Amino acid sequence: MSLTGTPFLYTAVVLTIVALILPLVLWSRMRGPKVVRVAARALMLLFAQATAVTLVFVMVNNENNLYDNWADLLGTGNHVQQAANLGKNGTGNISLKRLPKVKQAFSPAEGPGMRAAGGVEVTQLKGRVSGVNAEVYVWLPPQYREPAYRHHKFPVVELLPGYPGSAKAWFGSLHANEQLLPLMKSGRVAPFILVAPRTNLLAGVDTGCANITGTVNADTWLSVDVPKMVMDNFRAEPAPSGWAVAGYSAGAHCAVKLAVAHPDRYRAAVGMSGYNDPIGERNSLAAASPALRAENNPYLLLKAKKTPPPIALYISGESGDGYEAGTALASVAEAPTTVHVVFLPHSAGGHTMALWRPQVKSVFRWLTLEMGKNRPHARTGTTTPHGRSTAGSTHAELASGTSSRAGATRKR
């Protein structure tokens, strides 16, 4: 039975109801020795508690798309076949243009939100460069199948969830496809192809979207293999001008890092409630050593660039949860790099889907401008005073990579 399926939810509801009725009916009717009656009543109470906890978990999981299947929940899933040393560019010096096209088999995706707004498709992709074998979800804009657009190529946005998080979350929890469909039909948002690859590749840890030889090549999976698959199977615009990446929480960190590290692959990035230092996620493999932290810190990467990359960054967050990361990036960005920082009040929803869901429309309006001809050239920020960063690490510490692992408590 699927972890996120309707049958499991209904089963949890029925068992919870049964668990509530049993004590009401049997409590005073128990017969036999006292020890047997006490044990039976204790079991009924435990059963009631267990079913209640299970029902709450199922509802929270379905709402937030934290775990996609039983393997993710139990920590038994492993989607890495190999993790060779691919060098600094993450390609292992493989000529991607010479790789033959591979046609993927797609099928309708299952789960909450997957059938809405024309439906989401899914394929199992074997990354030829990264060594990752995992699912990728694709949603096509309404214009894609219209005869007038049969020769048209479409811009692409990769969508990354937090940790733990399912690749389905942008569709099932944030309802991105449902929110954007009418805006794309009316022309207020560009007709983007939405691509959501799995980021939970190893059991019990966040890859940090990093390449770590012998462990995982998550960066290459997201920035090389997934885009190659999309280009092979859909009428997608070429990189970097037609490509962007967006994420929330740990996915926000990944999105910004990928764009800063690979301006030849992405034109823009969106980070909602993210962080710069990988230690912002306590289970991140990219925080395992000072060297890895520096290599995967977009603030340090951007600061060290001899030539500012032609990318646009949209960073939103509350004080202590994403805002400082954005202002740090803005402080070191030089043209043609632009950084748009959006300050969100603490009353806006916290580190939850309630905060990120309402931002989807404004984020894609911004992407429409940045990926089009009306691109703003001046970076913007806010005048709100800097607050304290997450878990007691200051703005400067998170920016420079000197915050402690003990202070890193965000997990989503």
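**Notes on the sheet and the disulfide**

1. Nine strands form an open sheet with mixed pairing, in the order 1-2-3-5-4-8-9-10-11, where two strands count as paired if DSSP finds at least two bridges between them, and where strands (E, at least two residues) and helices (H or I, at least four residues) are DSSP runs numbered from the N terminus. Its edges are strand 1 (107-108) and strand 11 (338-344), each of which pairs on one side only.

2. This is a predicted model, in which local features need pLDDT of at least 70 and side-chain atom pairs count only at pLDDT 80 or more, whereas totals for chains, interfaces and linings use all residues. Residues are numbered from 1 along each chain as its sequence is written, and side-chain values use heavy atoms, with hydrogens and water left out.

3. Within the sheet, strand 8 (residues 243-248) and strand 9 (residues 268-272) run parallel and are joined by five bridges, with V245 standing opposite A269 of strand 9.

4. The structure holds one disulfide, a term that stands for a pair of cysteine sulfur atoms within 2.5 Å; here C209 is joined to C254, with an S to S distance of 2.0 Å. Because C209 lies in the loop between strand 5 (193-197) and strand 6 (211-212), and C254 in helix 7 (residues 250-261), the pair ties together parts that are 45 residues apart in sequence.

5. The torsion about the S-S bond of C209 and C254 is about 95 degrees, and the disulfide is therefore right-handed. C209 is buried at a relative accessible area of 2%, and C254 is likewise buried at 3%, buried being under 20% relative accessible area (1.4 Å probe, protein chains only).

Note on methods. Buried means under 20% relative accessible area, exposed over 50%, partly exposed in between (1.4 Å probe, protein chains only).
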